[in-house]
Amino acid sequence: MKSKDILHETYTALSANKARSGLTILGIVIGIGSVVAMISIGQGASGSIQASIQSIGSNLVLVMPGAQRGAGAGPVSAGRGSAQTLKQEDADAIQKEITLAQAVAPEISRRYQITSKGKNTNTQVVGTVASYPQVRNVQIDVGSFISEQNVRSLSKVAVLGPTTRDDLFGEGSTPIGQTIRINRVDFKIIGITKAKGGSGFTNQDDVVFVPLSTAQRFLAGDTYVTTISVQAADPNAMTTIQQQINDLLLQRHNISNPQLADFQVLNQQDIVQTASAVTNTMTILLASIAGISLIVGGIGIMNMMLTTVTERTREIGLRKAIGAKRKDISLQFLSEAVMLTFFGGFMGIVLGWVISLLVAQFAGIATQVSLSSVALSFGVSAAIGIIFGYYPARRAASLNPIEALRYE
Amino acid sequence: MAVVDLEEGPGALVVNTMIECKNIAKIYKSGEIETHALKNISFRINDGEFVAIMGPSGSGKSTLMHIIGCLDTPTSGQYLLDEKDVSKLSDDELADIRMQKIGFVFQSFNLLPRTSVVRNVMLPLIYAGRSETEREEEAKNALRASAFPEEFWNHYSNQLSGGMMQRVAIARALVNNPTLVLADEPTGNLDTKTGEMVLDTFQRLHQEHGRTIVLITHEQYVAEHAERIIHIRDGSILEDGKVKHRRLTNHNTHQ
């Protein structure tokens with residue numbers, strides 16, 4: 001039997017009962033559609049999380065204080081990053097001794113109540129240096145960022161994030177030259193940064209930048225820093241830099257046991273990898289839930305094929321009587337099942353694509369329908385056709401022609 | 001009278017044995033109980049004969065038909081079709097024999113519904129793997145041979161009357177140019193008049209085309225359209241002989 005004839009027979013058989021074929025196909029459409037949509041949403045979420053991690057800077061190594069412990073705190077740990085162990089001098093030492101570091105930006109950040117002309121807000125105030133925009137990927141929209149001169153001369157100047165600007169001065173205004181009051185100290189606004197968008201839990205646009213020295217003197221009253229951001233020259237140097245900073249600070253802080261370090265060095269690639277691992281797990285979870293509906297669809301196919309075989313017992317008997325072999329019969333029924341899943345798979349991919357476009361449109365997740373997920377779904381749907389069609393086809397092929405012809 | 005001459009012509013010339021059954025027995029077992037459907041049956045059918053196998057229901061005639069039609073194999077004994085022993089073949093080998101040598105006509109027509117007449121007739125050739133043009137040609141020849149009117153060739157099989165359907169089935173049985181046409185109660189689902197038409201078709205195929213036809217029936221009247229009747233009862237041959245008063249249908253209208 002030629003493949004063209006098999007296709008013709010299959011088409012005739014499936015179109016003979018359009019409603020049943022259609023409903024069976026629908027099961028596969030929903031299964032494949034949800035797999036494609038879920039994978040694309042998962043990949044989109046993973047992509048946007050990685051993008052927002054990249055938006056805090058590229059090739060970044062972060063140095064943060066460790067957990068607070070010692071005599072005053074007793075056995076209670078206040079958590080990582082709470083201790084005041086990093087100083088301005090540590091940042092200077094990193095800048096001086098670690099040659100692989102392209103730029104170093106220490107910062108001190110704390111939340112303060114900020115007022116201006118009757119309006120007020122509570123936001124993050126970051127005291128930092130001129131290299132911060134380069135290291136942390138901040139771009140200036142209007143005016144300028146804090147200069148080295150500002151840091152040296154303890155200037156009371158501030159650069160606002162767009163959200164803070166909107167909160168204090170109204171949306172889209174340019175309050176350059178106006179003053180804001182932080183902790184009863186007046187600051188002159190010299191610039192507004194470009195919007196970066198939120199990154200999960202923190203809004204990177206709701207921030208006020210002031211010179212590091214000013215923040216230490218007038219706001220914090222000490223010389224500790226909360227984070228030192230170090231930019232590596234290239235991504236391959238990051239692990240080396242991380243190790244070098246670790247060694248340098250252990251030495252500077254006189255700590256012999258690395259387990260007791262009073263600081264921690266984070267590598268941006270580690271963060272990206274952790275986040276990817278999380279989103280990949282989520283994608284697999286979503287896809288497996290969708291996969292269950294695909295299996296249910298496959299069972300629908302098997303159910304329909306078994307009914308069809310029973311209904312067409314006499315026809316099978318006739319086909320065998322006029323010379324069809326087992327192989328011909330099983331191929332015919334198998335191709336019916338595969339054609340059902342093939343149609344279902346194709347329509348499911350279209351449906352999944354549409355769903356992912358809708359999600360991108362209305363939920364704001366940049367979904368990606370990758371070629372591999374389309375190929376995977378096609379393969380899976382064909383495989384489901386073969387797996388769930390195999391048993392009914394074998395049952396049809398093994399019918400005894402005499403009994404099949406007598407079947408009522 | 002000319003018809004009678006035609007009948008004796010090939011019969012006298014051809015001495016080839018087409019079917020030879022030697023001591024065929026068929027036993028069905030269900031649990032402890034053995035049913036002897038056929039007991040030691042032997043007969044020959046020559047090329048070009050028109051034979052009726054007749055017997056009441058339960059006589060074993062259907063079992064015999066299944067064995068002759070290579071749908072089943074005997075429990076013991078030998079069955080030679082075209083001098084080839086087919087009694088020990090596998091299912092797929094039997095399928096090949098059926099495809100090449102046997103054409104079936106069933107009581108309930110067994111046409112594919114929602115499928116055109118031509119496609120129904122072509123079906124055996126599809127399994128034989130013939131080319132499209134070839135099988136269309138053969139299908140049309142077979143339809144002409146079974147006197148099926150040309151204006152219905154593209155109708156669906158389920159739009160036809162019973163007599164017409166049976167003629168499509170006859171065309172389908174002829175399309176692979178079989179050495180043996182096996183008809184199982186072909187008039188069982190038809191009224192007398194359309195039954196007569198179908199029997200007429202068989203007689204004409206036998207006389208004009210020299211087809212070997214084996215007709216299975218329980219009706220004396222139908223069996224008398226054949227040249228020879230093998231009576232079966234309780235799994236044994238009761239009587240085997242020429243029809244004394246042969247019924248000839250009025251097929252002089254077909255030149």
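**Figure 1. Chain B holds 8 helices and 10 strands.** Helices (H or I, at least four residues) and strands (E, at least two) are DSSP runs, numbered from the N terminus. This is a predicted model: local features need pLDDT of at least 70, side-chain atom pairs count only at pLDDT 80 or more, and totals for chains, interfaces and linings use all residues. Residues are numbered from 1 along each chain as its sequence is written, while chains are lettered from A and ligands numbered from 1 in the order in which they are written.

**Figure 2. The overall form of chain B.** Along the principal axes, the C-alpha atoms of chain B fill a box of roughly 55 × 45 × 35 Å. The radius of gyration of chain B is 18 Å, which agrees with the value near 18 Å for a compact globule of 255 residues. That radius is taken over C-alpha atoms, and the globule rule is 2.2 Å times the number of residues to the power 0.38. Of the 255 residues in chain B, 44% are buried. Buried means that 20 or more other C-beta atoms, placed from the backbone, lie within 10 Å of the residue's own.

**Figure 3. Helix H6 (residues 162-174) of chain B and its surroundings.** The 13 residues should span 18 Å at 1.5 Å a residue, and the end C-alpha atoms are 18 Å apart, which agrees. The expected span is 1.5 Å times one less than the number of residues. In H6(B), 10 of the 13 residues are buried, so the helix is largely enclosed by the rest of the structure. Among them are B:Met165, B:Arg167, B:Ile170 and B:Leu174. The packing partners of these buried residues include helix H4 (117-128), helix H5 (132-145) and helix H7 (192-209) of chain B.

**Figure 4. An open sheet of 4 strands in chain B.** The order is S2-S1-S4-S5, with antiparallel pairing. Strand S2 (33-46) and strand S5 (84-85) of chain B stand at the edges; each has a single partner strand, so one side of each lacks a neighbour in the sheet. Strand S1 (residues 17-30) of chain B pairs with S2(B) over 10 bridges. Two strands pair if DSSP finds at least two bridges between them. B:Tyr28 stands opposite B:Thr35 in S2(B).

**Figure 5. The contact between chain A and chain B.** Chain A gives 19 residues and chain B gives 21 residues. Residues are in contact if their C-beta atoms, placed from the backbone, lie within 7 Å. On the side of chain A that touches chain B, H10(A) gives the most, with 5 residues.

Notes. Two residues are in contact if their C-beta atoms, placed from the backbone, lie within 7 Å. A residue is buried if 20 or more other C-beta atoms lie within 10 Å of its own, exposed if 12 or fewer, and partly exposed in between; C-beta atoms are placed from the backbone.
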